[in-house]
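Colleague: I've got a new model open. Can you walk me through it?

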Amino acid sequence: MAAPRPQSSLRGALCRQLLLTLVVFSFACEACKKETFIIPSKLEADKMIGRVNLKECLGSVDHIQSSDPDFRVLEDGSVYTAHAVVLSDEKRSFTIRLSDTKKQTQKEILVLLECQKKVLRKRHTKETVLRRSKRRWAPIPCSMQENSLGPFPLFLQQVQSDAAQNYTIFYSISGRGVDKEPLNLFFIERDTGNLYCTRPVDREEYDVFDLIAYASTADGYSADFPLPLPIRVEDENDNYPIFTEAIYNFEVPESSRIGTTVGVVCATDRDEPDTMHTRLKYSILEQTPRSPGLFSVHPSTGVITTVSHYLDREVADKYSLIMKVQDMDGQFFGLMSTATCIITVKDSNDNLPTFRQNAYEASVEENMVNVEILRIPIEDKDLINTANWRANFTILKGNENGHFKISTDKATNEGVLSVVKPLDYEENHQVVLEIGVTNEAPFTRDVALRMTTMNRAVVTVHVKDQDEGPECRPEVQYIQIKENSAVGSKINGYEAYDPESKSSSGLRYKILHDPKEWITINEGSGSVQTSKTLDREVITPKNELYNITVLAIDQDGRSCTGTLAVSIEDVNDNPPEILQDYLVICKANMEYVDISAIDRDSSVNGAPFYFSLANTSPEINRLWTITRVNDTAARLAYQKNAQFQEYFIPVAVKDRAGLSATKTLRVNLCDCTNPVQCRSTARSADVILGKWAILAILLGIALLFSILLTLVCGIVSARNKKAFPEDLAQQNLIISNTEAPGDDKVCSANGFMTQTVNNANQGFCGTMGSGVKNGGQETIEMVKGGHQTLESCRGAGHHHTLDSCRGGAVEVENSRYTYSEWQNFTQPRLGEKLHLCNQDEVHMPSQDYVLTYNYEGRGSPAGSVGCCSEKQEEDGLDFLNNLEAKFTALAETCTKR
């Protein structure tokens, strides 16, 4: 129980001493709010432990001091360890003294440091206790100072294994710095486990060495697991910050606003990142030219900006800045380097072009055109041959009539004043112009606010007099003449004058051009008179002026030309005219037709028009009506009982002045759906033939009669001759499907041979062709004329014979048979023939065989040689005897039996 007393008395003495110190400090200087930092028990060098608010304690601080040399305080209140610190006690304190030399004020801030307390967690009864089977050796983390001065070998730490209590242990290491580059930098004492470094180390080359320590017995047994042994190299501020470029080049427009960014400079530091050794601060050491200060740099980012309005290229077009960068956040003990920054000031239009004089004078003779009369020089301080320097001249006043033009000489930048329209001395002896000048590029906004944007000068132009000829002014003079005026009517004409005397006396006049030669002019007075009757409607285009070119000549032969514009006053001498002559109305889909009219007179004597039926017959009045559509059109309509025919309808049309005309319209009321159908017929009816056309028609008719006569004669002669196949002369075999010689023929009353083909199919054959019955419709195939159906021959309600389809008539017993009579005659006989053939084919002669014909096309010129041949052709096969030898066998086969 007595042992704790000395310890408690010592603790009480320390408390009393601390209290006494605080009382003394409170009397010596005013204390500020204390700060408490919770820190680990072990701290490395240059480790930030916290930050205090210096400005809250003392507004202006120019000196900061720490009472504990193990700690240092920066200007922003950051507290760093100056060396590696180990807190032996749970608490530690020191004081920060703040001084303001200007106000002679001092204040102190008490800083308390407390160790982090480990919270011990109680083990639960159910939790298992983790036990390691073998104890591990674990030395504390090791570090060494970069570029250490020794002495070498430098002891770093001792490595020991727990197995050394029972065994003799030998230690060894491996890794980079031992058996890898850099070789032999570290070694360990084999018996003691002391680790040494043999030479200085550069952190920028090797920031950490990962060694592995081994513990083994004499017989080589590993007494412990290999131990990773990292050795960290503590950074030393041994590298200067270096700019990325030795010379920076930037550009900035002149007259830039404050805060305009010029460029960015950047530096790098090889020391350990995120430490005071690499915390860089930028600043400008020097500016050339020196005054005034125009630029600033951000201390952390290196951004260069403008700080003045007066950046003028005309004063200095380039600035050179010496830039400085320093680590340790710019503190005086930090390392620094410099670089050069060249800033080029770009030209902007901040200088107005100015005239050298305020007034100029020039002279020019009257009537001169496209002559240069004055050059006006200017001055501009901006960069030459740029848009900020090139001038634009403008005539502000005095050029309302457009006599002058001013341009810029690109080489000299002078204003060139020229005359582009003749001046008249009699009108103005002098002209005063106000000239303004600007640049091609617009002025900068700040300059435009400070001064006017245009310089002005006055130019007085003196006009010199000339002895000139007559003047035709105005060039176009107007007169009015009434249409259809009597020939010889006089009107005031064209008048010119002498500009010197302002008189027309002594001038002679001539007409240079008169399109219709309607006007003559008095040579002495210039008055005009009509030489012909004027017709307004002849002028093209209508309602335009009739222009006459007049020449005025003075006594010296000088002349001028002018135009006499004659306005012809319209007279109502043209009635309205209906445009249509012939009209077609399709009664099926048209109930009316529209007609329109025009009037060649002016609108005063023109529309609206009034349409009516003029002097029409009672029938026309009853069937036709006319109604108004608009001012120039009317609608002609018919009654429903009107017949299809062509009508002649007289229509009267009258203009607004009462002048009227009548026109007879041909209106064709037609049974059609399109007027073109009837119009083509009407056109052909209206054709008037000439003598040559009539002669051509007569010759054509004569030729047609000749052809018909030839055809008739040929037909008659053909009837009187015996029919032979057409290709007899060519000795060709007759086209036929006859496969047995001869047969029985049945002749109808009208001259055709008929024969049945089958019971199912009935047909007809003969010299005309062959027929096949399909679906009840019999067709006859013609030898010379294609093929037709019998029913088509009959027509609509008319009866035709079979011969009528051939284009001719055949008289048989002076009677004509119809199709039904011919069919009634042939059908029983064909059936009888077929019945006999079916009864006995053996005893039937070859002529009675029913022959089946193959279809070989229409219109065979040879005709049939079978059962339906004409009676006269029975004896007409003698021509087969005249065939060549190669046809003899075929001919014998055809004539067999």
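Modeller: Here is a quick tour, from the whole chain down to single residues.

Colleague: What kind of model is it, and how are residues numbered?

Modeller: This is a predicted model: local features need pLDDT of at least 70, side-chain atom pairs count only at pLDDT 80 or more, and totals for chains, interfaces and linings use all residues. Residues are numbered from 1 along each chain as its sequence is written, and side-chain values use heavy atoms, with hydrogens and water left out.

Colleague: How many helices and strands in the protein chain?

Modeller: The protein chain has 10 helices and 56 strands. Both are DSSP runs, numbered from the N terminus: helices are H or I with at least four residues, strands are E with at least two.

Colleague: What share of the residues is buried?

Modeller: Of the 897 residues in the protein chain, 37% are buried. Buried means under 20% relative accessible area, exposed over 50%, partly exposed in between (1.4 Å probe, protein chains only).

Colleague: And the accessible surface of the chain? What does it come to?

Modeller: About 54000 Å², with 52% of that belonging to carbon and sulfur atoms. The areas come from the Shrake-Rupley method with a 1.4 Å probe; for residues, only the protein chains shown count as cover.

Colleague: What fraction of contacts is between residues 24 or more positions apart?

Modeller: Among contacts with a separation of 6 or more, 65% are between residues 24 or more positions apart. Contact means heavy atoms within 4.5 Å.

Colleague: Switching to disulfides. How many?

Modeller: The count comes to 4 disulfides. The rule is a pair of cysteine sulfur atoms within 2.5 Å.

Colleague: Start with C32. Which cysteine does it join?

Modeller: C32 is joined to C57, S to S 1.7 Å. The torsion about their S-S bond is about 70 degrees, so this disulfide is right-handed. C32 sits in the loop between β1 (30-31) and β2 (35-39), and C57 in helix α2 (residues 54-57), 25 residues apart. C57 is buried, at 8% relative accessible area.

Colleague: What about C472 and C560? How far apart are the sulfurs?

Modeller: The sulfur atoms of C472 and C560 are 2.0 Å apart, in a disulfide. That link is right-handed, with 80 degrees about the S-S bond. C472 lies in the loop between β35 (455-464) and β36 (476-482) and C560 in strand β42 (residues 559-569), so the pair ties together parts 88 residues apart in sequence.

Colleague: Are those two cysteines buried or exposed?

Modeller: C472 is buried, at 5% relative accessible area. C560 counts as buried too, at 11%.

Colleague: Is the C586 and C672 link left-handed or right-handed?

Modeller: Left-handed, with -95 degrees about the S-S bond of C586 and C672. C586 is in strand β44 (residues 582-586) and C672 in the loop between β50 (660-670) and α5 (675-685), 86 residues apart. Their sulfur atoms are 2.1 Å apart. Both C586 and C672 are buried.

Colleague: And C142? Where is the nearest cysteine sulfur?

Modeller: C142 is in no disulfide; the nearest cysteine sulfur belongs to C197, 9.5 Å away. C142 is buried, at 8% relative accessible area. C197 is in no disulfide either. C197 counts as buried, at 0% relative accessibility.

Colleague: On to sheets. What is the strand order in the one with β43?

Modeller: It is an open sheet of 4 strands, β43-β45-β48-β47, with antiparallel pairing. β43 (577-578) and β47 (624-630) each have a single partner strand, so one side of each is left without a neighbour in the sheet. Two strands pair if DSSP finds at least two bridges between them.

Colleague: How many bridges between β45 and β48?

Modeller: Strands β45 (residues 592-598) and β48 (residues 633-638) pair over 5 bridges, in the antiparallel sense. D594 stands opposite R635 in β48.

Colleague: What about the sheet with β4? Which strands are at its edges?

Modeller: β4 (48-51) and β6 (71-73) are at the edges. The order in this open sheet is β4-β7-β6, with antiparallel pairing. β6 and β7 (residues 78-81) are joined by 3 bridges. The bridge partner of R72 in β7 is Y80.

Colleague: Last one, N413. Where does it lie?

Modeller: N413 is in the loop between β32 (404-408) and β33 (415-419). N413 counts as buried, at 3% relative accessibility. A polar atom of its side chain lies 2.9 Å from the backbone nitrogen of A391. Leaving aside neighbours within four places in sequence, N413 is in contact with I378, W389, R390, A391, F393 and T408.

Conventions. Polar contact = N/O pair within 3.5 Å; in protein donor to acceptor, adjacent residues only side chain to side chain.
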